[in-house]
Structures are given as structure tokens and as C-alpha cells.
Amino acid sequence: METTVSTALLTDHYELTMLEAALRSGAAHRRAVFEVFARHLPEGRRYGVVAGTGRFLDALETFRFGEEELTFLRENRIVDEPTLDFLANYRFRGNVHGYREGECYFPGSPILVVEGTFAEAVLLETLALSVLNHDCAIASAASRMTHAAGSRPIIEMGSRRTHEWSAVAAARAAYLAGFAATSNLMAGRRYGVPTRGTSAHAFILVHDSEREAFAAQLDALGKATTLLVDTYDVATAVRVAVELAGPELGAVRLDSGDLGVAAHEVRAQLDALGAKNTRILVTSDLDEYAIAALTAAPVDGYGVGTSLVTGSGVPTAALVYKLVAREDAEGRLRPVAKRSVGKPSRGGHKAAFRRLDEHGCALGELVVPTGPDAARRAEALEIPDNGNGTPPGPVRPLLAELVRDGEIVGREPLSAARERHARSMAELPTEAHHLSRGYAAIPTVFAAS
């Protein structure tokens, strides 16, 4: 049986010092609303993908200060005794709304909204951002890769290129965004992601010959296995593989060289040997651009590692967690916003909708003050001309209830997020899927507070 580990210290020191000062000033118990959003998308990206919400909810459930955590804080004099007393009884009792996992997001999208007292909510900043910034970055990269791959499956295999637990989260995010499987067994155990794996060059090299290695693998795993054919000479390896397995050989893998040229050569050789149904899988530092370049090659699937777990050059989604409303002296929620040069935020407790055209294509993100008339206000907002003359259609609400009075109510299976991502991608205009540099695929329109 696994021991539950507290997530309370997966946080920044300054959150506890803010709490201590707010307890002294009396502001700690004011109602507050925090919001997670991106001021902009990474350069050249046209959409982002929400991922990590489920992991955040899991982490929130164990965000408790037990004896070990309190002892650490006390011995290191991080906060005073009144603050330690508060933390000993800490439990988030507020509400959380957010975009569902798999949904696409754009600049200004309030992808997570946390409501509670200032003391409750301010402590969750680092936890929320560390999970969402990582997972959204990975899912956004994975989405671009799966779209470039079309119907060809991609296996996530980046565990050896990142931190051991980041690898598990990355495998989850990649599967959510359309990858077919992962090489990471913990992701399979914890999240039910399908796992795949055959052999590396070391397996070939440890045997006295390539023929002996192939024979051993076929004997152990059957003819449906994938044989790695580029340890020595590719053409020789393919010939030996078919000699041993016959036309029922499942697949061969190429991991080096000019993959496009090699794939054409191997396909021709396999067909000539009668192995017309043997698939060709390619690996070797692939990203969305390399995958797109292989569209015309006779490739049946891809394995992606380093590029995926580093977000294909964008390892963080640049999300921020900002206070957007707080309780005033009369007990009313009042919008607040920072006005720092280059880092402004928009105050107010908000709701979000997506405007679709009559064919179900997204036209814009609509962000309005929350309340019973939020949908009506969103309907009234005008979207800048999209240039195709398509009349606007309905608006679709984007925020879902995730936590109510401290109780998690928004859990869902990973399969639901995976299906949602496919639907969300289908809503986007064609230009969203271009790999060339560009701006956000749809505009974000804000209503006055």
C-alpha cells in the first residue's frame, strides 16, 4: 500500500511569508479570487492545450501540513507560531472552476479560477503553476506533433531525457493530446496510458551477431515485434529480419540517418521480400517539423522523446496566477489588477465562452464578468471580422466546476480529456494548425467589468 505524501511544501517560501503578514493585518480572511492565465502564447504558437488539471486536483487533496511539515517550518523559523497554528488546520474549503483538460486555450483565457479566502488561495499558487505550466507545455507540443502525424500513431519515449516524475506527467499529457502510447511504465500504472517497448541497440550489441539477436527477440516476443535494423547495415538487417520472421514480421525501426530516404529504401526492400504488411517506425530526435517533413515518406509510426518532454523548445506555458478580485470593507468582491509595465492583468471574477460560427468553427474567446447574465453578455460581444464572412453561431461555456466548498467534484477519466481534445482541435480554424510562425488562431475579446 502506497503512503500518501503531503504536497504542502511543493510551494515557494514567499507564499508563507505573505500568509504570516496577512494574518497579522487581518487581510488573510478576506474573500479572494485568483486566476491562472497566459498573457501571450509562446512565440509562433497559435493555440495552447490545457493539461494537468487532474494532477492538480490530486495534489490539492493532499495539500496538508502534518507534523513533519510543521516541524520543518518551525525548526527553520520560516513562519511564526500563529501561522503554524493556522497551517496545522489548513484545508482548502473554497471553489475552483477551470477549463477542462484537452480544451484549447488562448491569451487571457482564465483556465483556472480559485475562490476562497486570501489565506486559502494564495498558498496554492506554486502548486497550480508548477503542474499546469509543465503539462500545458507538453500537451501543446504533443498536439502539434499528432496533427502533423495525421493518422500515423506516435509513441512517447522521452523518459530518459527528463526528471523521473516529469517523465510520468509528460507521458500523461502527451496521451491526452493524441499520442498512442508511452514507454513509461509508471504512466501506465498510474494513469492507464498504454505502454509499448521492444529493444535498443544494446540488445543487438550484446549478442554475437545481429541474426542471433533478432532470433532471440522473435522467440521471446513473437513475429509481431519491432526489430531495430540500423545498428550495422540497414539493408542486411532487413534481409535477415525477413528471413527469420517471414512476411508476418510486425515492424522494423529506423533510428538514424536520413529517415525519409531510408524509409523509401526499406519499404522497397520489404515489399520485394514479400513483407508488404511489415510497418516502418522511425525515431531519432523527432519534433513536429521533422514529422511533417516525413509526410510523403512510407512511414507507419513515430517515436518521440527529447523534443516532447522539453515542449519542443517551449518547456513552460508561461502561465501566471494572479489576484483578480478581493473582498472590500462592505463585503463585496472588488476587481483588482496589477498595472506593471509589460505585465498588466485584467481584474474581476470572470467567465469564459467560445464563439462558434454556424458550422462549429471557433471565431473567438469571450471573457466576461461572472454572474447569471454572463452568457447573455458573451452573446452580445462582437468578434473582429474573421475575413471569411461566416455568420456567428452559438457561444459555448468553457469553465467547469472542479472543486465545491473544498470537495473535488470535477474529476474525470483521462479518456474524456483525450476525446475532448480531439473535439476542440476540430473546432479550430485551419490556420491554427500551420507550423509556420503566427499569432493566436482566434482573438480573445474582453467585456468591460
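Guide: Let's start at one helix: what covers the buried residues of α3 includes α1 (13-25) and α4. Covering goes by contact, meaning heavy atoms within 4.5 Å. Keep in mind that this is a predicted model, where local features need pLDDT of at least 70 and side-chain atom pairs count only at pLDDT 80 or more, while totals for chains, interfaces and linings use all residues. Residues are numbered from 1 along each chain as its sequence is written, and side-chain values use heavy atoms, with hydrogens and water left out.

Visitor: What makes something a helix here, and how many helices and strands are there?

Guide: Helices are DSSP runs of H or I with at least four residues, strands are runs of E with at least two, and both are numbered from the N terminus. By that rule the chain has 16 helices and 19 strands.

Visitor: Which residues of α3 are buried?

Guide: Glu-69, Leu-70 and Leu-73 are. Buried means under 20% relative accessible area, exposed means over 50%, and partly exposed is in between, using a 1.4 Å probe and protein chains only.

Visitor: What makes two rings an aromatic pair?

Guide: Rings of Phe, Tyr and Trp (its six-membered ring) pair if their centres lie within 6.5 Å; planes under 30 degrees apart are stacked, over 60 edge-to-face, and the rest tilted. The whole structure has 6 such pairs. One of them is Phe-63 with Phe-65, at 5.7 Å centre to centre and 90 degrees between the planes, which is edge-to-face. Both of those Phe residues are buried.

Visitor: Why is the pair of Phe-65 and Tyr-90 called what it is?

Guide: The centres are 6.3 Å apart, which passes the 6.5 Å limit, and the planes meet at 90 degrees, so the pair is edge-to-face. Phe-65 is in the loop between α2 (53-61) and α3 (67-75), and Tyr-90 in the loop between α4 (81-88) and β3 (95-99), so the pair ties together parts 25 residues apart in sequence. Phe-65 and Tyr-90 are both buried. Phe-63, Phe-65, Phe-86 and Tyr-90 make up one aromatic cluster.

Visitor: How do you know that Arg-346 lies over a ring?

Guide: Arg-346 is 3.9 Å from the ring centre of Phe-446, over its face. The rule asks for NZ of Lys or CZ of Arg within 6 Å of the ring centre and within 35 degrees of the ring normal. Likewise, Arg-418 lies over the face of Tyr-175, at 4.1 Å.

Visitor: How many disulfides are there?

Guide: A search of the whole structure finds 0. For Cys-104, the nearest cysteine sulfur belongs to Cys-136, 11 Å away, while a disulfide needs two cysteine sulfur atoms within 2.5 Å. The sulfur of Cys-361 has its closest cysteine sulfur in Cys-104, at 12 Å, so that is too far for a bond. Cys-104 has 0% relative accessibility, so it counts as buried.

Visitor: What makes Ser-312 stand out in its phi?

Guide: Most residues other than glycine have a negative phi. Ser-312 is not a glycine, yet its phi is positive, about 50 degrees. Ser-312 sits in the loop between α14 (306-309) and β12 (319-327) and, at 17% relative accessibility, counts as buried. Asp-405 also has a positive phi of about 50 degrees, but at 51% relative accessibility Asp-405 counts as exposed. Its place is in the loop between β17 (399-404) and β18 (407-408).

Visitor: How much of the whole chain is buried?

Guide: Buried residues make up 52% of the 449 residues.
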